[in-house]
Amino acid sequence: MVHAIRLAVAGIGNNISALLQGIYFYRDLLSRRIESGELPGIKHAYIGGISVGDITLVSAFDVDSFKIGKDLGEAIFQTPNNYPRLGIEIPKQDAKVSPGLRLGEDNMVIGKEGVVEELKQSRADILLYSLPTGMQWAADAYSQCCLDAGVGFVNCTPEIVARNPEILSAFETAGLSLIGDDLASHLGTSIVHQSLLRLLSERGLTLLSSYQLNIGGNEDFKNLLQNGAGKLKSKKNALAQNEAELDLIEVVPSAGYIRHLRDNKVAILNIEAVGWGGTPVSLDLKLKVQDSSNAAGVIIDLIRIAGVAQRNGSGGFHPAASRLLKSPPFGHADDEVLTVENAIMSLDARAMSG
Ligand SMILES: NC(=O)c1ccc[n+]([C@@H]2O[C@H](COP(=O)([O-])OP(=O)(O)OC[C@H]3O[C@@H](n4cnc5c(N)ncnc54)[C@H](O)[C@@H]3O)[C@@H](O)[C@H]2O)c1
């Protein structure tokens with residue numbers, strides 16, 4: 001029998017609304033015996049024997065007074081969250097939103113004991129860290145709470161956690177997963193931009209300049225207007241083929257908060273290049289996506305990779321997660337697509353033999 005992954009979540013924003021609603025959406029399809037290969041919108045119906053529906057949210061943390069104390073199934077719909085309802089009923093969860101960590105006036109972190117206690121009580125396997133970008137203190141403090149409570153950590157944000165060698169080594173030693181940093185959206189601007197730039201270089205055209213502008217109407221876009229520095233660096237990590245090329249590429253993580261776009265993201269990409277005989281090539285592309293579906297479609301794999309690897313006794317980072325992240329600890333390798341698929345297959349093989 002498969003034991004579901006017990007997930008704790010920090011930051012009950014649009015990502016968690018998309019994740020929780022999506023889990024029920026796929027559970028419903030699975031209960032109607034739709035074959036695993038036919039599940040729409042996801043690549044891996046199973047990882048290490050764990051299906052998309054085998055995730056149970058067991059504890060939750062936030063600092064928004066309108067979310068604290070509410071059942072998680074209700075808190076995900078609290079404004080300013082504006083991810084749409086997927087038309088599936090979300091029952092009462094076993095988890096209520098608990099007070100998260102805060103920074104006191106003296107820059108001391110408040111609430112660590114409560115978070116550690118709740119993580120232990122709820123017997124969480126993994127904590128998904130999904131706070132607004134730009135809160136390095138919080139990423140440090142939540143990851144330390146996980147080490148104290150014996151819980152793995154998945155970092156959705158550009159904050160440096162898995163790329164910090166000391167923290168990574170502490171998770172390795174404790175036999176706990178540490179997956180990060182910054183998820184690469186399912187079909188987001190970075191992966192589309194990266195693929196087009198790779199194509200250009202594969203075909204031997206010469207890049208002259210390129211830019212990427214993103215706009216949206218959720219809290220993440222509002223926050224990135226002020227706190228976009230970490231995201232900018234992480235987005236550039238995702239595009240890097242070589243340093244010289246990076247100078248030719250401009251990235252604007254949030255070119256504007258447009259309220260009526262709600263949780264939709266609109267990205268504009270431009271590439272200017274020269275081909276044969278120095279003649280110009282110009283490419284303009286517009287991508288429109290449901291921003292937080294784009295996150296949840298990747299989070300679902302990151303959680304399962306973290307949970308299965310940890311159960312298999314392997315702590316620290318797992319290579320199966322690398323291409324699903326913008327800034328993994330060991331960078332991106334050329335043959336990575338293969339490595340990721342191989343690593344996921346090895347998790348599957350272990351689950352079948354175990
Ligand atoms: N949407 C994507 O495709 C995508 C891709 C990569 C990374 N991300 C990142 O994921 C993160 C979450 O995105 P989102 O859209 O869910 O954000 P959001 O703004 O909707 O939600 C963040 C939540 O964190 C809560 N919070 C703030 N401080 C907290 C604290 N100290 N402890 C606990 N909770 C706290 C807020 O109250 C809010 O409920 C962002 O950093 C975003 O940049 C998203």
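Me: Two residues are in contact if their C-beta atoms, placed from the backbone, lie within 7 Å. With that in hand, what covers the buried residues of helix 6?

Reply: The cover includes strand 11 (206–216), helix 8 (229–239), strand 13 (264–274) and strand 14 (280–290). This is a predicted model, where local features need pLDDT of at least 70, side-chain atom pairs count only at pLDDT 80 or more, and totals for chains, interfaces and linings use all residues. Residues are numbered from 1 along each chain as its sequence is written.

Me: What makes residues 189–202 a helix, and how far do they reach?

Reply: A helix is a DSSP run of H or I with at least four residues; a strand is a run of E with at least two; both are numbered from the N terminus. Helix 6 has 14 residues, so it passes.

Me: Which residues of helix 6 are called buried?

Reply: T189, S190, H193, L197 and L200.

Me: Why are they said to share a side of helix 6?

Reply: Because they cover an arc of only 95° around the axis, taken from the directions to their C-beta atoms.

Me: Which exposed residues does the face turned away carry?

Reply: S195, L199 and E202.

Methods. Expected span 1.5 Å × (residues − 1). Buried ≥ 20, exposed ≤ 12 C-beta atoms within 10 Å, placed from the backbone.
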